[in-house]
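Q: I have a protein model open on my screen. Can you show me how to read its pockets?

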Amino acid sequence: METEQEPVVVVIDPGHGGENLGGEFQDYTEKEMTITVAKAMKEELEKYEGITVYLTRTGDEELSLDERCAYAESVNADFMFCLHFNLSEHHTLFGAECWISAFGENYSKGYSFASVEMDLLQELGLYSRGIKTRLNDAGIDYYGIIRHSTERDIPCVLIEHCHLDQEHDMPFYDHGDKLREFGKLDATAVAKYFNLRSEELGTDYSNYQNVSVDVPTHVVAPDKTEPDICMIEIIEQNVQNGEVTVQVSAADYDSGMLYYTYSYDNGETFSQLQKWPDKSQDTFQFTMKVPPRILPRIIVNGYNGYDLFTSSNMITLPSMDYKTEEEIAAELARKEAEESASPSVVQKKDYTEITYEKKPMEDSEQEPMSFTYFLAVCSVCALLLFTMVISMVLILGGRKKRRRKRRRRR
């Protein structure tokens, strides 16, 4: 005869509370968001059979991390799920991630559940920042909620659903219904992990296969080194529109590649973080837009799973002189303005142009030059005429003298 199994006991911990507001961005406060997600998660999980669900807080209470974990221990929790939303120092990071213990079974169980959670978050459309561990200076788990749970031998996963301060992630949390969707997603991940079924939902995950993770015999330490390699080469340069196609080859053999950024001015400025196109591939190509009339000096930074980066080699390209979209738009706007001008303005403009064409600068200079030429010709003619007159006078004078001489001889 089969004995009835004990129900799975899980504790949901909405991060922050009371005076501990958590992250704040625009009109959003993390402590309010996490309680919304947690209540939706609890409500959804209670539709499954064979599970008992608790919340560390149901209102705006402020609890220490140790108090939260002590409560989980008091109800004999099989697992603890700590719900959070993220912010980054420079407001550049985006995506979801899970933090787990670096030790023993708490690592293997945490990684196995986090794999389910991250798959669902990616299906939702969020970018995966991965499953990670973090240690403090003493070499133990950095996050207090994980550390205190591990001390009580309770597996714990800290879920950072997305970043509040990044436009990539904002569409996933900017409404209360979307926060409740996060709660349902988290509940589904728990149901899959524990192979639960729900007659009410018509869902059965009894045969769901979790990722098998060996229990480590050593501390699974985080990656503290930059990517091992980052190199670029230029595939094509289009001088007509400023587009440059770059091939990137980069790899991190510990935590994989996560983002890249690019610069066309030798690293003085960089683009926003870009998603690594395929984390299973070390090489890819992308096309960047280089502004006109500068000397492009291309650099790419490749970032690993822990946000550490390696800079590539720098490649200098010939300058490109082309019209930007703004310049083309401005020219079109000027032409449209001219075409839509009133007839009187157009006539006036045409008259000015015709007058200008009939009397260019060289024409005005040609008139005094023609008069001077005329005077010169007249002077030459007068001189010739005068010379001819003198010549004739001299000739006539000579003839008269010869006649007088002849007369004297006679």
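Q: How much space lies in the second largest pocket?
A: Rolling a probe the size of a water molecule over the atoms shows where empty space is left. This model is predicted. In its second largest pocket, the space comes to about 400 Å³.

Q: Which residues are the closest to the centre of that pocket?
A: The second largest pocket is lined by 20 residues. Closest to its centre are Trp99, Arg134, Asp223, Tyr306 and Asp307. Strand E6 (96-100), E7 and strand E8 (156-163) each give two or more residues to this lining.

Q: What classes of residue make up the lining of the second largest pocket?
A: Eight are nonpolar, four polar and eight charged.

Q: What volume does the largest pocket have?
A: About 520 Å³. Its lining has 30 residues, and Tyr111, Gly130, Ile131, Asp254 and Ser255 are the closest to the centre. Helix H3 (104-124), strand E7 (128-132) and strand E13 (257-263) each supply two or more lining residues.

Q: Which element gives the largest share of that lining?
A: H3 does, with six residues. By class, the lining of the largest pocket has 13 nonpolar, nine polar and eight charged residues.

Q: What span should H3 have, and why?
A: Count 1.5 Å a residue. H3 has 21 residues, so it should span 30 Å. The C-alpha atoms at its ends are 31 Å apart, which agrees.

Q: What follows H3?
A: Glycine 125 does. Its phi is positive, near 120 degrees.

Note on methods. Residues numbered from 1 in each chain as written. Predicted model: local features only at pLDDT ≥ 70, side-chain atom pairs only at ≥ 80, totals over all residues. Heavy atoms only, no water. 1 Å grid on protein atoms, 1.4 Å probe; cavity = no way out; pocket = protein on both sides within 12 Å on 5 of 7 lines; lining within 4 Å. Points joined across faces, edges and corners; volume = space filled by probe spheres on them. Helix = DSSP H or I, 4+ residues; strand = E, 2+ residues; numbered from the N terminus. Nonpolar A, V, L, I, M, F, W, Y, C, P; charged D, E, K, R; others polar. Expected span 1.5 Å × (residues − 1).
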